[in-house]
Amino acid sequence: AYVVTEACIDVQDRACMEECPVDCIYPGERMMYIHPDECVDCGKCMPACPSEAIHWEHRMPPEHQDFVEANALFVREQ
Ligand code: SF4
């Protein structure tokens, strides 16, 4: 799945939501989150993000690794 990371915090541009074909990007209080089970790995959200906050989980910069769990946790708590 693709994952929203730190650069989204307090930005929440939402351009990603418009690109996502399966509507699996959800707004949280301070950032967006991607549902890891609903994401179909199409990659369309990534270039749409003006903050470059979205990464593919398998090419996640190590400093953003915590956001893989953060995205999964957020949608589980909804
Ligand atoms: Fe949606 Fe595709 Fe981004 Fe997954 S990779 S969140 S399916 S736009």
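Thr 5 touches Met 31, Ala 53, His 55, Met 60, His 64 and Phe 67, with residues up to four places away in sequence left out of the list; contact here means heavy atoms within 4.5 Å. The structure is a predicted model, in which local features need pLDDT of at least 70 and side-chain atom pairs count only at pLDDT 80 or more, while totals for chains, interfaces and linings use all residues. Residues are numbered from 1 along each chain as its sequence is written, and side-chain values use heavy atoms, with hydrogens and water left out.

Thr 5 is placed in the loop between E1 and H1. Helices (H or I, at least four residues) and strands (E, at least two) are DSSP runs, numbered from the N terminus. With a relative accessible area of 1%, Thr 5 is buried. The term buried stands for under 20% relative accessible area, exposed for over 50%, and partly exposed for values in between, computed with a 1.4 Å probe on protein chains only.

The loop between strand E1 (2-4) and helix H1 (15-19) also holds Arg 14. Arg 14 shows a positive phi of about 75° although it is not a glycine, and its relative accessible area of 38% makes this residue partly exposed. A positive phi, of about 50°, is likewise found at Asp 23, which is not a glycine. Asp 23 belongs to the loop between H1 and strand E2 (25-27) and is exposed, at a relative accessible area of 57%.

Cys 20 is also located in the loop between H1 and E2. Its relative accessibility of 12% classes Cys 20 as buried. Cys 20 is one of the residues around the ligand, and the others are Tyr 2, Pro 21, Val 22, Cys 24, Ile 25, Ile 34, Cys 39, Val 40, Cys 42, Gly 43 and Cys 45; a residue is near a molecule or strand if one of its heavy atoms lies within 4 Å of it. This shell comprises eleven nonpolar residues, one polar residue and no charged residues. In this classification Ala, Val, Leu, Ile, Met, Phe, Trp, Tyr, Cys and Pro are nonpolar, Asp, Glu, Lys and Arg are charged, and the others, Gly among them, are polar. Between Cys 20 and Ile 34 the C-alpha to C-alpha distance is 10.0 Å, at a sequence separation of 14 residues.

The ring centres of Tyr 33 and Phe 74 are 4.1 Å apart and the planes lie at 10°, so the pair is stacked. Rings of Phe, Tyr and Trp (its six-membered ring) pair if their centres lie within 6.5 Å; planes under 30 degrees apart count as stacked, over 60 as edge-to-face and the rest as tilted. Distant parts of the chain are linked by this pair, with Tyr 33 in strand E3 (residues 32-34) and Phe 74 in helix H3 (residues 66-76), 41 residues apart. Tyr 33 and Phe 74 are both buried.

Gly 28, in the loop between E2 and E3, touches Tyr 33 and Phe 74 as well as Gln 12, not counting residues up to four places away in sequence. Gly 28 is buried, at a relative accessible area of 15%.

One salt bridge is found in the whole structure, the term denoting a side-chain nitrogen of Lys or Arg within 4 Å of a carboxyl oxygen of Asp or Glu. This salt bridge joins the side chains of Arg 30 and Asp 10 at 2.6 Å, N to O. Arg 30 is partly exposed at 47% relative accessibility, whereas Asp 10 is exposed at 54%.
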